[in-house]
Amino acid sequence: MISGLTMEQRRCEMRRARGWFLRCVVAVFLWSAASAQIRYSISEEVNEGTAVGNIAKDLGLDKSTLKDRKYRIVSSNADPLFHVNQNDGVLYVSRKIDREEVCAQSSTCLMNLKTVLENPLEVHYVGVEVLDINDHSPSFPERETTLDISESVLPGARFPLKASRDPDGGPFSVQQYKLSPNNNFRLEVKDKGEDGKIPILIVHKSLDREAAGIHTLVLTALDGGKPPKSGTMNIIVRLLDVNDNAPVFSQDVYSVMLDENAPIGKTVIQVNATDLDEGPNGDVVYSFSNSVSHRLLNIFDLNAITGEISVKGLINYEEKDKYEIEIQASDKGLASLSTQKSVIIKIVDVNDNAPEIEVTSFSNAIAEDSRPGTTVALISVNDFDSGLNGKVICSIVEDAPFALIPSSQDNMFSLVTKSPLDREKQSQYVLTVTAKDAGEPPLSSEKTIHVVVSDVNDNSPEFSQSPYTFYITEANEPGTSVFSVKALDRDENDNARITYHILRDGEGNKLTSYLNINSETGDILALKSFDFETLKTFQFQVVATDSGAPSLSSNVTVHVFILDQNDNAPVILYPVSSNGSAEGVEEIPRNVNAGHLVTKVRAYDADIGYNGWLLFSLQEVTAHSLFGLDRYTGQIRTLRSFTETDEAEHKLLILVKDNGNVSLSATATVVVKLVEPREAFAAADVKSASKDDEDNNVTFYLMITLGSVSTLFLISIIVLIAMQCSKSTDYTSKYLQETNYDGTLCHSIQYRSGDKRYMLVGPRMSIGSTIVPGSHANTLVLPDRRGTSTEMQFKSFSNILE
């Protein structure tokens with residue numbers, strides 16, 4: 001029994017081994033079937049339900065099990081293009097297929113279908129190639145285009161036209177262009193590869209606007225179908241008058257390298273064309289050529305005025321590594337001339353990660369007296385790239401007194417001072433730290449660091465002027481500000497806060513005791529009024545001190561000049577009576593002629609300039625027709641000869657006035673008495689004697705001398721009178737006027753007796769009176785009366801002896 005069980009177990013094991021072998025064979029078969037590819041082809045636009053192929057037959061599938069095992073096509077599309085019949089395994093078209101919609105203009109339109117069987121799961125891949133048919137006609141972007149061409153254009157001139165587009169691909173796309181028959185133009189086609197064929201209109205022979213101003217052409221585009229389909233565009237060529245020069249580009253070849261991921265708006269290159277014509281015919285505008293595809297127009301932009309080509313869309317090196325753009329330069333002439341030039345833009349792959357800069361430790365302010373080598377900040381740089389792209393070099397852009405010192409640790413730098421600082425020259429620095437990796441091309445990033453230089457009291461105050469010169473009008477009001485000094489300190493805060501004081505040394509100017517200064521503003525006050533007549537100028541020193549520690553100071557010399565003010569009234573020097581009033585009596589002979597000098601009013605003013613310039617005027621006079629007054633000299637003269645009816649005494653009131661802004665004045669009274677000639681002679685003698693008595697301040701010796709002279713003078717008078725009495729009765733006497741003597745300083749009476757001429761001199765003012773130089777001719781200085789009186793007495797005596 002045990003043997004029977006053993007045999008049964010062996011038979012079971014053999015059955016299990018055979019089952020495992022069969023399953024392996026089936027799995028291998030299924031695997032080989034799943035990996036097999038079945039490919040069908042079908043034309044586009046076939047009707048719905050058209051059979052593509054028998055998948056079950058071609059794959060060797062049992063048709064009876066297709067429905068049970070749910071044979072189907074797996075697709076994510078809600079409206080699939082194909083379906084499989086589970087009864088016979090035939091692949092059918094579910095709806096019309098538009099190859100241009102499914103595959104655009106690809107050369108091969110292959111659709112991969114995934115079919116599955118369940119229980120067990122089997123996957124089969126089926127490829128269906130959709131074949132293109134000529135179901136589209138070529139079409140132009142415009143039904144009609146107009147070309148303005150100058151009549152002076154030479155044969156061979158080329159005018160690119162807009163290409164026709166045909167959604168069909170391969171041989172059914174646009175294959176050729178034809179131009180309607182004409183005698184002036186021919187057509188050339190340029191193959192641009194994937195951009196298609198571009199028609200170019202070429203001038204065949206010279207044009208003549210006067211013979212034919214407009215040419216109408218028809219451009220026909222033909223595809224490769226049999227029969228071919230076509231599309232047309234009307235070309236209107238207008239001939240304009242001569243514009244002789246077309247724009248010329250400055251370079252034969254324009255080529256530039258552009259990094260991928262360039263930012264929108266970045267200038268790629270600037271083309272430049274010039275036109276030798278003038279006016280609108282020489283103004284150049286730029287545009288893309290008609291041959292430029294719409295794809296390029298979405299990536300690049302062209303400035304029509306400057307010729308700058310800039311980035312408009314995303315630049316991707318992996319998508320395309322080179323662009324060739326046709327640029328057209330046209331003038332603004334009535335018949336615009338244009339020139340085309342190719343611009344080649346090569347895209348360069350970039351290093352995508354820029355370094356990152358981090359300031360780990362930073363001292364915001366550093367003293368200006370810091371030594372070179374002082375650390376300002378610690379900077380760490382990180383770059384996520386590896387290798388050379390992650391190797392970073394750090395530097396400072398500006399030329400500043402700072403340097404970056406590499407640390408022992410990679411990508412760590414110390415920002416230190418490399419030369420002395422001066423806050424007054426530059427109080428802060430804006431440093432730009434640049435980190436650049438070693439990639440090709442390298443990427444860099446920047447970090448701005450603001451370093452403030454703190455102040456140290458290293459500058460003394462500086463006065464705005466040195467020395468100062470001020471002018472003060474006399475009679476200033478005590479306690480008010482008369483002038484101000486100002487000093488500046490290039491330091492800041494307390495180091496620049498300035499206080500002022502006046503330097504008062506014991507042996508210096510005593511006038512500083514009458515001055516006070518505002519310590520904060522520098523305003524200087526006068527504690528007393530200044531008088532020009534007693535003080536005209538002085539100087540002192542002001543010290544400016546800052547508030548630093550230690551403080552610094554500087555001083556300046558201040559020169560002060562006192563300006564005159566009209567504060568002195570005129571003083572009458574003559575006439576002056578014995579009681580000190582400005583009154584005087586003048587006696588003149590009645591028989592004097594017109595123009596006779598009666599007397600001269602003399603005055604002076606202690607002021608200077610216009611304030612001391614005196615003018616004389618008659619305020620009151622008993623007879624206006626008898627006397628006149630010189631307004632500048634003060635001389636009183638007769639205006640006419642006296643008559644018997646004129647009164648014997650006349651009173652004149654003279655006003656003496658200065659020329660100040662507010663005029664000051666004084667008055668003098670002169671009484672003029674008319675006497676007979678003999679009385680005038682006697683009066684003159686009496687006045688001379690009384691004048692001598694007034695000089696009581698002379699020395700004793702001079703008194704004796706004067707007494708002797710007076711005695712001799714009296715004897716001479718007596719002798720003279722006796723001689724006159726002894727003369728014959730035909731004696732005549734006449735008073736004569738000396739024409740060469742103005743009589744301003746003294747009076748004289750002259751007469752003749754026979755062949756003798758006599759002159760009596762009576763003192764009124766000193767003969768030696770002089771005008772002080774520099775007094776503006778208004779200050780009269782009287783000389784020593786002792787010498788003058790003696791001189792006049794001797795002069796009188798000598799005249800008599802003649």
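1. The chain's secondary structure comes to 7 helices and 53 strands, where helices (H or I, at least four residues) and strands (E, at least two) are DSSP runs numbered from the N terminus. This is a predicted model, in which local features need pLDDT of at least 70 and side-chain atom pairs count only at pLDDT 80 or more, while totals for chains, interfaces and linings use all residues. Residues are numbered from 1 along each chain as its sequence is written, and side-chain values use heavy atoms, with hydrogens and water left out.

2. Of the 802 residues in the chain, 41% are buried (under 20% relative accessible area, with a 1.4 Å probe and protein chains only).

3. Glutamate 474, in the loop between S33 and strand S34 (481–484), deserves a careful look, as this residue is buried yet has no salt bridge (a side-chain nitrogen of Lys or Arg within 4 Å of a carboxyl oxygen of Asp or Glu). The nearest side chain of opposite charge, lysine 536, is 8.7 Å away; in this count Lys and Arg are positive and Asp and Glu negative, with His and the chain ends not counted.

4. Leaving aside neighbours within four places in sequence, glutamate 474 is in contact (heavy atoms within 4.5 Å) with residues including Phe530, Ile562, Leu563 and Asp607.

Key:
Buried < 20%, exposed > 50% of the residue type's maximum accessible area, 1.4 Å probe, protein only.
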